[in-house]
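Me: I have a model open and would like to learn how to read its features. Could you walk me through it, starting with charged side chains?

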Amino acid sequence: MARTIVVTSGKGGVGKTTVTANLGMHLASKNYRVCMIDMDIGLNNLDVVMNMENRVIYTMLDILENKCRIKEALIQDDYYPLLYLLSSGELNQNLSIQTSQIKGIIQSLQESFDFILIDCPAGIDAGFKRAISCADEAIVVTTPHLSSIRDADKVITILSCYNIYQKRFVINRARGDLMKDKLMIDVYDIGRTLNIDFGGVIPEDDNVLITSSEKIKNHKITMNRAFDILANNIITGEKKLFDCTYKYRGFIGNIKKFLKRTI
Ligand SMILES: Nc1ncnc2c1ncn2[C@@H]1O[C@H](COP(=O)(O)OP(=O)(O)OP(=O)(O)O)[C@@H](O)[C@H]1O
Ligand SMILES: [Mg+2]
């Protein structure tokens with residue numbers, strides 16, 4: 001049976017799709033069978049982030065309209081053979097999407113995968129509710145900014161009304177230089193506010209723009225270490241912390257900090 005995890009946030013643009021894609025790649029690199037489902041119907045972009053947009057022939061909406069079978073809509077990643085994407089497609093105004101139908105799709109994927117990751121739309125309306133009703137675990141992504149933490153907190157309250165037995169938060173776009181100098185809310189303060197299990201910390205990193213799955217091979221990218229720890233935490237239930245302040249310690253660290261702030 002697959003573990004079905006929704007990646008949600010409340011606030012838009014905080015990194016749900018980024019976390020879904022990178023977590024998917026890291027889990028698949030550890031030999032887990034992973035299916036990523038884009039439930040941001042109409043504003044889907046997981047295919048773009050995964051560099052798979054030219055390979056999308058059928059989508060989840062095609063399955064719902066009986067235009068294809070589920071297996072025909074799954075796209076296998078070029079680099080990780082255990083990683084698949086189910087894209088959601090353009091919203092057809094005439095098609096009413098029933099949560100039970102999507103649950104049916106997820107149900108039939110259960111035996112073929114170890115993890116099903118659902119990329120949730122922003123906000124708390126119908127699309128969000130549909131996505132969270134299909135999962136039994138949640139990753140709540142927030143940035144270290146008050147508006148994002150506030151929205152994450154509201155989402156966590158809503159999640160408790162659903163059958164989600166495990167909730168974890170992930171802090172994305174953490175700035176180690178600012179956190180070290182207490183100029184940004186730190187991981188512990190966010191943890192105390194959200195009061196759910198810790199999942200991981202992902203630093204602000206321009207390498208996020210590299211779209212190919214090949215990027216995971218590059219161990220010099222700091223983000224990779226952070227996502228590796230997140231993937232391990234998800235697999236084992238541990239709560240290991242990626243310390244994004246480590247680069248900014250000592251003499252060299254102070255220079256890096258100075259340069260980062262003056263650019
Ligand atoms: N750790 C990071 N470092 C730098 N840029 C990041 C990081 N995480 C995400 N981004 C950038 O932030 C933007 C929004 O990320 P993403 O699309 O993953 O957010 P989202 O929560 O899925 O947005 P939406 O709510 O619109 O679906 C993207 O341009 C992405 O490249
Ligand atoms: Mg997104």
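Reply: Happy to. A salt bridge is a side-chain nitrogen of Lys or Arg within 4 Å of a carboxyl oxygen of Asp or Glu. Keep in mind that this is a predicted model. Take Glu238 and Lys240: their side chains form a salt bridge, with N to O at 3.8 Å.

Me: Which residues are joined into one network by salt bridges that share partners?

Reply: Arg3, Glu137 and Arg168 are linked in that way.

Me: How many salt bridges does the structure hold?

Reply: There are 11. One of them pairs Lys67 with Glu65, at 3.5 Å from N to O. Lys67 is exposed because its relative accessibility is 51%, while Glu65, at 29%, is partly exposed.

Me: Where do Arg192 and Asp189 lie?

Reply: Both belong to helix α9, which covers residues 187-194, and they sit 3 residues apart, about one turn of the helix. Arg192 is exposed at 60% relative accessible area, and Asp189 is partly exposed at 34%.

Me: Now let's step back. How many positive and negative side chains does the protein have?

Reply: The protein has 33 positive and 30 negative ones, and the centres of the two sets are 6 Å apart.

Me: And how should I read the overall fold?

Reply: Start with the elements: 11 helices and 8 strands. The radius of gyration is 18 Å, close to the 18 Å from the globule rule for 263 residues, so the protein is as compact as a globular protein of that length. Of the 263 residues, 52% are buried. For contacts, take residue pairs at least 6 apart in sequence: 76% of these contacts join residues at least 24 apart. Finally, the protein exposes about 12400 Å², with carbon and sulfur atoms supplying 50% of that area.

How values were computed. Residues numbered from 1 in each chain as written. Chains lettered and ligands numbered in written order. Predicted model: local features only at pLDDT ≥ 70, side-chain atom pairs only at ≥ 80, totals over all residues. Heavy atoms only, no water. Helix = DSSP H or I, 4+ residues; strand = E, 2+ residues; numbered from the N terminus. Rg over C-alpha atoms; globule rule 2.2 N^0.38 Å. Buried < 20%, exposed > 50% of the residue type's maximum accessible area, 1.4 Å probe, protein only. Contact = heavy atoms within 4.5 Å. Areas by Shrake-Rupley, 256 points an atom, 1.4 Å probe, with all protein chains shown as cover. Lys, Arg positive; Asp, Glu negative; His and termini not counted. Charge placed at Lys NZ, Arg CZ, Asp CG, Glu CD.
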